[in-house]
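Please read it alongside the sequence and coordinates.

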Amino acid sequence: MATAAPYRRAPLWETITGILSPWAFLFLSLTHIPPTALPLLKSLSFRTLFSWSRFQPLWFASFWSIVGPNIRTGNDKPITSLLLGRVTKGKPVSTAEETNHPGIGGMVLEIGAGSGMWVNLFTPEQCTAKGSTPLPGQRTPITKVFGVEPNAEVHGDLRRNTAAAGLEDTYEIVPLGIEDALASGRIAEGSVDCIVSVLCLCSIPEPEKNIGLLYKCLKPGGRWYVFEHVRTFDEQGWFMRWYQALVNIFWPRLIGGCYINRDTTSSLQRAGPWTDIDLAQPPAEDWFHTVPHIFGILTK
Ligand SMILES: C[S@@+](CC[C@H](N)C(=O)[O-])C[C@H]1O[C@@H](n2cnc3c(N)ncnc32)[C@H](O)[C@@H]1O
């Protein structure tokens with residue numbers, strides 16, 4: 001069961017700036033329109049400039065090339081811990097002994113890989129626990145990673161980051177949306193050891209259906225490593241639920257088709273029977289987070 005953190009009483013100024021912060025994020029995205037549009041204008045690429053489906057991925061790639069590395073820096077420790085299996089109750093822990101979760105291994109599916117912000121965590125060095133002895137049977141080497149990413153504008157960076165991590169032989173880019181990757185039969189039922197989803201279930205179409213299909217792709221005992229933003233928790237109160245719905249009117253249009261009020265927690269829980277769900281809101285998040293997260297591991 002995903003739980004929300006017990007919230008602290010934050011200072012008023014911090015609360016106000018926190019509540020208003022999504023508008024700054026949206027504004028930052030808007031500032032990427034001119035640098036995206038101008039080269040298109042100069043090269044007379046009007047088909048791209050005036051086509052929403054062509055312009056939006058370009059715009060988002062420009063925006064994410066700035067925002068993504070900051071998110072990576074701010075979340076380096078938690079995501080590294082997540083992929084090592086060292087998280088519990090929404091928090092990273094420093095030793096494998098504090099959790100029962102193995103780290104990623106075997107056949108791995110990374111959904112919405114983007115520009116490959118996290119690919120270096122798929123290297124054998126990163127996947128090997130540092131600083132403590134792994135639990136018996138805890139480490140399985142990664143045999144293959146499928147990086148599912150439909151936005152062709154980020155494939156160059158994804159390829160470069162994969163090569164820089166020395167993963168050319170292990171990491172294969174699947175240039176499709178997850179819905180098409182699943183429909184193509186390229187990812188067979190019961191074939192996946194681990195699914196990694198970092199900030200992408202907010203953008204996939206028909207989340208309930210596709211999360212259910214992804215569940216079927218996991219082997220029994222397979223694990224889903226999750227860091228996603230979700231609908232506000234009940235504990236955050238009706239105002240934040242309403243406010244998030246308001247922000248969500250603008251958000252998907254300005255942030256590459258990302259929805260902030262998806263009930264991804266329930267979609268994951270309902271996908272099928274899990275033997276273990278260790279999923280919670282990171283305790284550092286406040287009640288006024290318009291974009292609250294779930295963090296943890298589900299085991300089939
Ligand atoms: C917010 S970005 C996160 C990227 C990356 N996981 C990271 O943390 O830097 C969301 C990613 O999901 C991808 N995406 C959008 N629709 C998708 C779909 N249908 N299937 C898979 N990925 C999708 C976007 O192209 C984008 O790269």
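In the residue classes used here, Ala, Val, Leu, Ile, Met, Phe, Trp, Tyr, Cys and Pro count as nonpolar, Asp, Glu, Lys and Arg count as charged, and the others, Gly among them, count as polar. By these classes the shell around the ligand holds 13 nonpolar, 5 polar and 2 charged residues. The model is predicted.

**Ligand site**

- Around the ligand there are 20 residues, of which G112, E149, I178, E179 and V198 come nearest.
- Helices α4 and α7 (178–183) each supply at least two residues of this shell.
- G112 places a polar backbone atom 2.8 Å from a nitrogen atom of the ligand.
- I178 has a backbone N or O atom 2.8 Å from a nitrogen atom of the ligand.
- W118 contributes through its side chain, with a polar atom 3.0 Å from an oxygen atom of the ligand.
- The ligand taken alone exposes 590 Å², and the protein buries 92% of that.

**Helix α4**

- Helix α4 covers residues 52–83, and its end C-alpha atoms span only 35 Å.
- A straight helix of 32 residues would span 46 Å at 1.5 Å a residue.
- A kink of about 70° lies at N75 in α4, shortly before the proline P78.
- After α4 comes G85, which has a positive phi near 80°.
- α4 is also one of the helices that supply at least two residues to the ligand shell.

**Annotated segment**

- An unreviewed UniProt entry lists residues 20–41 as "transmembrane region".
- In the model, the chain over residues 20–41 is 91% helix and 0% strand.
- The end C-alpha atoms of residues 20–41 are 33 Å apart.

**Loop between β6 and α8**

- The loop between β6 (192–198) and α8 (207–217) contains L199.
- L199 has a phi near 55°, a positive value in a residue other than glycine.
- E206 is found in the loop between β6 and α8.
- The phi of E206 is near 40°, again a positive value in a residue other than glycine.

Note on methods. Residues numbered from 1 in each chain as written. Heavy atoms only, no water. Helix = DSSP H or I, 4+ residues; strand = E, 2+ residues; numbered from the N terminus. Expected span 1.5 Å × (residues − 1). Bend = angle between axes of the 7 residues up to and from the residue. Near = heavy atom within 4 Å. Polar contact = N/O pair within 3.5 Å; in protein donor to acceptor, adjacent residues only side chain to side chain. Areas by Shrake-Rupley, 256 points an atom, 1.4 Å probe, with all protein chains shown as cover. UniProt positions renumbered as here; feature names shortened; annotations may be inferred.
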